[in-house]
Amino acid sequence: MKFVFVINPFAGEGKAEQTIRDGIEKSSQKENCEIYLTKAVGDATVFVKKWCEEHPDEEVRFFACGGDGTINEVFNGAVGFSKAQVGCYPCGSGNDFVKAFGGADKFMDIQKLIDAPVQKLDLLKVGDRYSNNVVNFGFDTTVAITINEEREKTGHGNKNAYTKGVVRALIKSMNNKFKVFADGELLNPKGSALLCTVANGQYVGGSFKCAPRAKTDDGIIEVCLVHPISRLKFVKLLGSYTAGNHLDDPNFKEVIVYRQAKQVEVVAEDGFAYSLDGEIIYEKNFTVEIVPGALNFAVPE
């Protein structure tokens with residue numbers, strides 16, 4: 001088997017590449033390892049897909065070395081190729097996706113990554129794009145747009161960007177216009193919400209456990225819609241939401257609608273934006289579907 005490390009050279013403040021190279025050099029499989037440095041946004045998807053097309057009969061495990069954006073790009077490139085497996089070396093600023101598997105520290109040993117057994121991983125499909133973690137919109141999208149703006153300025157994300165995004169969203173995104181249908185059921189007849197998360201993973205935004213019951217291999221989408229609330233109530237409830245207690249917290253009883261579904265449809269107005277694993281996409285009507293067992297994902301023991 002080939003082991004291909006797809007590295008975002010800016011991840012980990014630019015220090016991750018050398019650490020990965022050192023780990024490969026010490027590995028028992030170093031002769032079967034390759035390194036590719038991404039050149040721009042979207043490049044990882046293009047590279048992985050092309051590699052698979054050019055080596056149709058070769059077993060390969062791609063490691064996404066970067067943040068959640070790099071992971072999503074590598075997964076999008078590998079999906080549909082039966083000989084391809086995926087893993088990750090999470091050295092970004094948020095590392096939301098791997099928190100469902102025990103956190104980033106579990107994935108930082110190169111030899112353990114190479115030796116890791118695989119398990120089936122579901123993906124969310126939106127048009128021709130796939131999400132391994134969360135599709136979210138409303139309040140969260142304003143936060144994500146702010147983070148992306150900061151990343152364009154500095155070349156990387158950071159916790160200050162998250163804070164800045166939350167402040168902006170508190171000002172302009174407390175009541176957002178859209179309708180959400182989960183397996184045909186309209187969740188918000190009034191057509192407004194604070195936010196909605198459509199999740200395969202558990203975490204979003206660096207620390208928010210938005211989908212505490214999510215499993216990445218159960219063939220189910222977790223849908224959580226939060227109705228519009230006052231800023232004061234938002235502040236009071238934020239701690240419980242961050243910790244992932246909102247589905248059982250009685251203070252949320254009249255605030256949220258929670259469903260498990262196979263398909264989620266969103267209907268909004270012109271200019272509507274949603275976040276797909278951190279990438280901002282402008283589309284007013286879209287459907288999210290679950291693709292069970294779409295990838296073989298390597299998880300270190």
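This is a predicted model: local features need pLDDT of at least 70, side-chain atom pairs count only at pLDDT 80 or more; totals for chains, interfaces and linings use all residues.

1. Residues are numbered from 1 along each chain as its sequence is written, and side-chain values use heavy atoms, leaving out hydrogens and water.

2. Buried residues make up 52% of the 301 residues, where buried means under 20% relative accessible area with a 1.4 Å probe, protein chains only.

3. The fold comprises seven helices and 17 strands (DSSP runs numbered from the N terminus: H or I of at least four residues for helices, E of at least two for strands). The radius of gyration is 19 Å, close to the 19 Å from the globule rule for 301 residues, so the protein is as compact as a globular protein of that length. That radius is taken over C-alpha atoms, and the rule is 2.2 Å times the number of residues to the power 0.38. Along the principal axes, the C-alpha atoms fill a box of roughly 60 × 35 × 35 Å.

4. Of the contacts between residues at least 6 apart in sequence, 73% join residues at least 24 apart; a contact means heavy atoms within 4.5 Å.

5. How many cavities of 30 Å³ or more does the structure hold? There is one, and the largest cavity has a volume of about 40 Å³. On a 1 Å grid over the protein atoms alone, a cavity is a set of points where a 1.4 Å probe fits but cannot get out, a pocket is an open set with protein on both sides within 12 Å along at least five of seven lines, and lining residues have an atom within 4 Å of a point. β12 (221-226) and β11 (195-199) each give two or more residues to the cavity lining, and β12 gives the most, with three. The lining divides into eight nonpolar residues, two polar and one charged; among its members are Cys210, Cys224, His246 and Tyr258.

6. The second largest pocket holds about 320 Å³ of space. Its lining has 16 residues, and Thr142, Ser173, Asn176, Gly271 and Ala273 are the closest to its centre. The largest share, three residues, comes from α5. Five lining residues are nonpolar, six polar and five charged (Gly counts as polar here).

Note on methods:
Grid points are joined across faces, edges and corners, and a volume is the space filled by probe spheres set on the points. Buried means under 20% relative accessible area, exposed over 50%, partly exposed in between (1.4 Å probe, protein chains only).
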